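Here's a quick tour of a few spots worth a look. Have the viewer open as you read.

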Amino acid sequence: MPQAIAGALVPLLSNLFIAIGLPGLAFGATIGLIATGASYLLLAGGAYLLSSAFSPQGAMGGQGQRPEAPKPEDGKYNLKQSVPPLVYVLGKVKKAGDYAFLEETGGVAYHITVWAAHHVKGYVSHWLHDEQVTLDGSGNVISPAHFEAQVNIDTRRGDAASTVYPTVAALFPSIWTADHRGDGLATVAMRASSVPPEALQRVYPSGMPQHQAIGEGHDELIDPRTGVPGYSTNLAIFRYWHLTHPVGGKLTTEDLYTPDWAHAADVCDQVVTNRTGGIESRYHGGFWFRANTDPVQVGRTLDQAAEMVIYERADGKIGVHAGEYVEPDIRLTANDLVSVGYDPNKRRSTNVLAVRGRYTDPDKGYNTTDAAIYGLPYPSDDERTKTVENVAVQKHNHIARLQKIAYIRANAPRVRLVAHYEPAQNFPYRRFIKVHYPPKMTEAIVEITGRPTLSLRNLTYEVEGIVIPAALYAFTAVTEEGAPGANVIPVARQDVPAPAGFSVSIQTEDVGGGASAAYARATYTLQNAAFVYELQWQPTAGGPEQSVTGAAGALEIRSSYLADGVLYRFRSRTWSAGVPSVWSAYQVLTATADQVAPGVVVGVSASGGAGQITFNWTAPNSANYAGARLFWNTTNTIVGATLAATEYGAPNAADSRVVTGISAGTRYGFVVSINGSGIQGTPVATGPVTVT
């Protein structure tokens, strides 16, 4: 007779990781080097791994130990460690990486992190802290705009013969060469440039960017139905891979009973309807774990998420009971039973009124989230609840179905059966049996929860189980799923706004001795009384930039004195809590110290000559008179006249100037007084002049 799991399972030995050429260096130096062709050597020993083969409660988080695989939030920060354990990513997850390189040169920080220790399907999106970013064709971060393209992201998917990041190899040839390709490792390279101190809070409001990525993980998972490797989110395929991997069960595919696993994968792919009427796969999900994570815990996480029970068949191969109800082919009656222990399970200490659920919600940033409570509302003084928590579950409908199953099992009657060997000999290979033992159990369906115990002395099998309905897996989402908690909408980051109503004008003031000086006055529209405005100016012809900052809430700022007659450009920005806004557009104005026009020249006359005109005039008796501008035209109008010369002189003085280079013909002259700022008085015509 086949020996049906009579002995204890051999425990899984720990994996031994030996890193070749990976020196652990202090922060600021290279944190680890990835050697070509052999990043890590993995030596493993031990026998196969099974997860609570005949204990659905243990395997599914019921009464057994709760799975403790890494939570999504555990992967939010890039890990700095000399040789961190390898990371395996199954399905779609959001996580950070493990540092392999961190150096700075020329004000630019270069990061290389290992996202997964295998080839991945690809990266769906990149995040810096909690902000999703958009990359251009060169990998520069162009959105959110506050990064100002100062961050660049590049990736490798983990090819067997990968390629080095060329910029890093070129800048750090002594510690990162062309041989540091990271073969077989999915990596991310990030470059972050330094910015001026005043821009630091605007560009990097949370400090040095922390990279995370949403990615589709292992794309070489063998599908037991086809034998073809590829990417999947099917939980049975995850478990099939885990049992055959060195960080899992260390089995071979020949050790597994493929028809069972193929059927389990089909069950996981079955379509179910959620509360909104949408459809989704019955048992799909995703999660990640490290090579040093307890493989038993990883197995329990997957088994619970897909409602699987793994067992050893009579031929020694490892089979699996899929997450579905199967009509029992074993029926026990009173003649088959030696003894029956029946517990209706109505005690407050054992049954529950409601079941809570916690799962990984992609809509909430792949964080662990509370699901709607399953069960009847309970009074505050009788809070009999249990919790189903599984990080591999990524759908609310999925966790709600597991909550219902946990609720039924928690309140189900318990039985202990001792049966004769012949009718019970297939106990070790079944999940459900039928018992007809009136009046306690009439055609009752029993789910086996404990490992059947064979007594060779008495030729009996003893087994523990729970009485469940045939509709254990039935689920009406519209009435049973419940509504999950609303998504927390992150407060959108708001940049400091540019100044509103910004306007610049040139003003003058008396500086003594009858002289005046020009300055710029900037005005604003009130946005916030805590805002501080900065005004900057510079000559358009070039020169130093100068600026002045007003008081908090001040809506008017003045510059220092400006050079008279010089063309300036002005712009402004807002400051709030040490963070500046972007600059406003330039406004261009000429600084004018004296804006009062001088008096009109008198005694104006002109005479012609060979290619020249002689202008004569008397300056007005105006204290601000500085000189006169001389124009000529072919018609008797100042419009379109040509400026021929500027003659500086004293007020109330006779003056004269010969202007040459004038073409022959009848010409008309004009004399215009100006002040020191170039402000003109009224033009005075000379009348016609004949130029020969």
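Where is the place of Thr592? It's in the loop between strand E38 (587-590) and strand E39 (602-609), strands here being DSSP runs of at least two residues, numbered from the N terminus.

## Ground rules

This is a predicted model, so local features need pLDDT of at least 70 and side-chain atom pairs count only at pLDDT 80 or more, while totals for chains, interfaces and linings use all residues. Residues are numbered from 1 along each chain as its sequence is written, and side-chain values use heavy atoms, with hydrogens and water left out.

Thr592 is buried, at a relative accessible area of 13%; the cut-off for buried is under 20%, with exposed over 50% and partly exposed in between (1.4 Å probe, protein chains only).

Skipping residues up to four places away in sequence, Thr592 touches Ile506, Thr508, Ala518, Asp564, Ser677 and Ile679. Contact means heavy atoms within 4.5 Å.

## Ser503 on strand E31

Ser503 sits in strand E31 (residues 503-512). With a relative accessible area of 35%, Ser503 is partly exposed.

Beyond its neighbours within four places in sequence, Ser503 is in contact with Arg521, Ala522, Thr523 and Gln587. Take Thr523: Ser503 and Thr523 are 20 residues apart in sequence, yet 5.4 Å apart in space, C-alpha to C-alpha.

Definitions and conventions:
Helices (H or I, at least four residues) and strands (E, at least two) are DSSP runs, numbered from the N terminus.
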